[in-house]
Amino acid sequence: MTMKILTSDPNKCNGCRMCQTACAILKAGVCNPEKSRIRVIEMDECDRYLPLVCQNCEDAPCIAACPKEAISRSYDQVVRTVIDYNKCVGCKMCLNACSFGTIGFDEDRGRPFKCDLCGGDPLCVHFCEPGALTLKDPTMIQYDQARVSALKRTAGMRR
Amino acid sequence: MTTDRKIALVDLGRCEVETFPVSMDLEQRFLGGSGVATYLFCKQAPKMVDPGSADNICIVSAGYLSGTLSAPLGAAVLTSKTAATGLMARACVDGPFAGQMRRAGFEHVVLKGRAEKETCMLICDGRIEFKVVPGLKDNGLSDQRAILRKEALGYEAQLICIQKNGDDLFFAADACLALSKDVEDMEPDKSGVAQVLAAKNVVALACSGTIALEVKDPEGIIAYEKKLLEGIDEPLTQNRPETDIQDPETIEGPAGSVDLTQIKQTLMQCLGVQCLGLPSGTKNGANGSELNFQAAADRILLNTGLALDEDELKEIAYRCIAMERIYNLREGIAAKQGRTAEDYRENGWTRKAVVKKAKVFDPLRIDDLWSRLK
């Protein structure tokens, strides 16, 4: 069991939406971004795209909001929150509770859906040609960001 | 027999919309995108129509694979007769518009007539509406986008707008990849299609849709595209299929010869793989100038279930080029029209040689256009 986080870099994302299309086909068998577990948000204000997926929060609001205790933390292949469809009644409380808007609702099946990290090997990462999506160890995220920051601060310096 | 794909016939003057399904026969003969658009244009456009008049038609088409995993950003193709050459012309607009148009319920939108005031056409989940937006053309793309998204279709809407900079008109689309969002950095529309739309008082096209596009073999297409992406870093020379190297430079057919490069370009416009998001020449890649017929056939089969081989694909592209040229011959290629006319004649494209029903129209399976193009 490992703890991994799917991170997205808006500076690398080019808005090609391959991740969204691949996810919809894998999970729902159709090309429809509405059925995708990953959403590419276009931000007109700064001309950037930001792919968003379930952050698998430690203190997840969706778990707290579910009246049927259908959402729980799973520790099998990767640490993630999962929906037990045997308990879910499709009340949509989790959709309202999610701070990131990354839980969708399948109207055909009458139930919510969210990213399950494809069991630890997310398909969207394979389809992200610019490398905006990466699956990272959470302890390493701060080092990666610190390195980017350090490089900016030391730009122009030579040994 | 028909498919789920639809054509909308829009009368801008009367604000009326008629819809027709794309027949299986049409799909097999022309695939989609520029192929079906050329057929529809030959079928619908009045003879010797003035490009700036309300009688001229403009067809907005999504590619056959637009919105699928093979072409999530497949180019939208706009076809019309333009004043720039007096002949049929096309403009390709890359970006997510074409895929969104398919999800909004239409493969092809045929625009007829002229709107009374500057109009924005909104396509949303099988419906087509018209919104009068005064002064929209004078705003920048980001302002246009903000206005249209706020007032019309929400933040998931995709747009194609016509923008003016001095005397030049531009197509500005919701951008992706390296496409510029700044009108100063964009190339003016040289095809003249933007002028046709402006003459029809259509200043923007907006799409928003939630209709799911069926995929014939979901697992197969994921595995295929994943393998293709993994092959990007491999050297091109090792992966270039032998069939492409052995290809002749020209394709011969009942209506004369056509360059293989033109066949490939036409096929890309039919499929909507103009902007695939991958560098050209990738392993098995149908992209850029390096369209691989086998890869295109595989993708069509996995996405739609339509089985075509390399020769059939070439035949479809040849048919589309032949239709366009026959239309242009009817509209009058004169010596003064320069290089295009020279090219035609060099390849045996004269009205006397080409416009023959039994020798050309019947073998090309476009005999239903005989009454329109003779």
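Helices (H or I, at least four residues) and strands (E, at least two) are DSSP runs, numbered from the N terminus. The model is predicted: local features need pLDDT of at least 70, side-chain atom pairs count only at pLDDT 80 or more, and totals for chains, interfaces and linings use all residues. Residues are numbered from 1 along each chain as its sequence is written, and chains are lettered from A and ligands numbered from 1 in the order in which they are written.

**View 1. Chain B as a whole.** Chain B holds 15 helices and 14 strands. Of its 374 residues, 48% are buried (20 or more other C-beta atoms within 10 Å of the residue's own, with C-beta atoms placed from the backbone).

**View 2. Helices α2 and α11 of chain B.** Helix α2(B) covers residues 33-44 and α11(B) residues 310-331; their axes (lines fitted to C-alpha atoms over the stretch in contact) lie 10 Å apart at an angle of about 30 degrees. The two helices are therefore roughly parallel (an angle under 35 degrees). On the α2(B) side, the contact (C-beta atoms, placed from the backbone, within 7 Å) is made by B:Ser34, B:Gly35, B:Thr38, B:Tyr39 and B:Cys42. From α11(B) come B:Ile316, B:Cys320, B:Met323, B:Glu324 and B:Tyr327.

**View 3. The largest nonpolar core.** This core is a set of buried Ala, Val, Leu, Ile, Met, Phe, Trp, Tyr and Cys residues joined through C-beta atoms within 7 Å, and it has 132 residues. Those touching the most other members are A:Ala22, B:Ala76, B:Ala204, B:Ala206 and B:Leu271. Helix α11(B) gives the largest share of this core, 10 residues.

Notes: Axes are lines fitted to C-alpha atoms, for helices over the stretch in contact, and angles run from 0 to 180 degrees between N-to-C directions. Angles under 35 degrees count as roughly parallel, over 145 as roughly antiparallel, 65 to 115 as roughly perpendicular and the rest as oblique. Two residues are in contact if their C-beta atoms, placed from the backbone, lie within 7 Å. A residue is buried if 20 or more other C-beta atoms lie within 10 Å of its own, exposed if 12 or fewer, and partly exposed in between; C-beta atoms are placed from the backbone.
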